[in-house]
Amino acid sequence: MKRFLPHIALTLVLAQLLLMLGSWLWSAALPLSGVRSMLSGEGIRWFLGHFAEIVASPVLVWLLLLAMAYGAVVRSRGVSVVFLVIYVGIVLLLTVVPHAVLLSASGQLWPSPFSASLMPLAAFGVLMAAIIHGVIAGSFQSLADVYGALVYGLRQCAPLLPLYILLIQFLESLRFVLP
């Protein structure tokens, strides 16, 4: 994996540069096409002005939560199935009964607060099941062990963060450029 990530990152950087140059050439050659140049004043202001906003997306939060859940599962060496069953039952009660809290105002499951929080709900359930298992099994002797497991997951997934930044910026740049 360590061998491939730098090549993927380089590919994303080159794709971003090609998009910047290509959008500039396209918008200059065909000004009525609707393609916006990333090298224009508007494009540069957009890229620099929205960089942090684009990177700070829900996907980043999901990636961090999943990384912590991964660390908890690996370090605890399992999950508490009993807790998972109870947790899924609670989530079902919050979604499937009439007028449930996580349904939309019209009573729909998609889109709703449930659908918007599905990834955090899943990560939290797995995280808690792993922590409970770790405490019961003796894998976690202290609060520091639990915290260390969360950090371990973040450390293991840290090589994906530059790829996430490059990928999300490229995709949003593509959305900016195309009409």
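Predicted model: local features only at pLDDT ≥ 70, side-chain atom pairs only at ≥ 80, totals over all residues.
How many salt bridges does the structure hold? The count is two.

1. **Glu42 and Arg36.** Glu42 has a relative accessibility of 38%, so it counts as partly exposed. Arg36 is also partly exposed, because its relative accessible area is 33%.

2. **Glu172 and Arg175.** The side chains of Glu172 and Arg175 form a salt bridge too, with N to O at 3.2 Å. Both residues sit in helix H9, three residues apart, so about one helical turn separates them. As a rule, an α-helix has 3.6 residues a turn, so residues three or four places apart point the same way. Arg175 has a relative accessible area of 62%, over the 50% cut-off, and is therefore exposed.

3. **Main core.** The largest nonpolar core has 14 residues. Met38, Trp46 and Val177 have the most contacts inside it. Four helices each supply at least two of its residues: H1 (4-29), H2 (41-49), H3 (51-55) and H9 (160-177). H9 gives the most, with five residues.

4. **Second core.** A separate core has nine residues. Among them are Ala72, Leu127, Ile131 and Ala149.

5. **Trp46.** Look past its neighbours within four places in sequence. Trp46 is then in contact with Met38, Phe51, Ile54, Glu172, Ser173 and Phe176. Glu172 in that list is the salt-bridge partner of Arg175.

6. **Ser173.** Is Ser173 buried or exposed? Its relative accessibility is 0%, so it counts as buried. This serine lies in helix H9. Its side chain makes a polar contact of 3.0 Å with the side chain of Gln16. A polar atom of the Ser173 side chain also lies 2.7 Å from the backbone oxygen of Gln169. Leaving aside neighbours within four places in sequence, Ser173 is in contact with Gln16, Leu19, Met38, Trp46 and Phe47.

7. **Helix H1.** The 26 residues of H1 should span 38 Å at 1.5 Å a residue; the end C-alpha atoms are 37 Å apart, so the two values agree. The buried residues of H1 are Leu5, Ala9, Leu12, Gln16, Leu19, Met20, Ser23 and Ser27. They pack against H2 and H9. Gln16, the side-chain partner of Ser173, is one of these buried residues. Leu19 is another, and it too is in contact with Ser173.

Conventions:
Residues numbered from 1 in each chain as written. Heavy atoms only, no water. Core = buried A, V, L, I, M, F, W, Y, C linked by side-chain atoms within 4.5 Å. Buried < 20%, exposed > 50% of the residue type's maximum accessible area, 1.4 Å probe, protein only. Contact = heavy atoms within 4.5 Å. Polar contact = N/O pair within 3.5 Å; in protein donor to acceptor, adjacent residues only side chain to side chain. Expected span 1.5 Å × (residues − 1). Salt bridge = Lys/Arg side-chain N within 4 Å of Asp/Glu carboxyl O.
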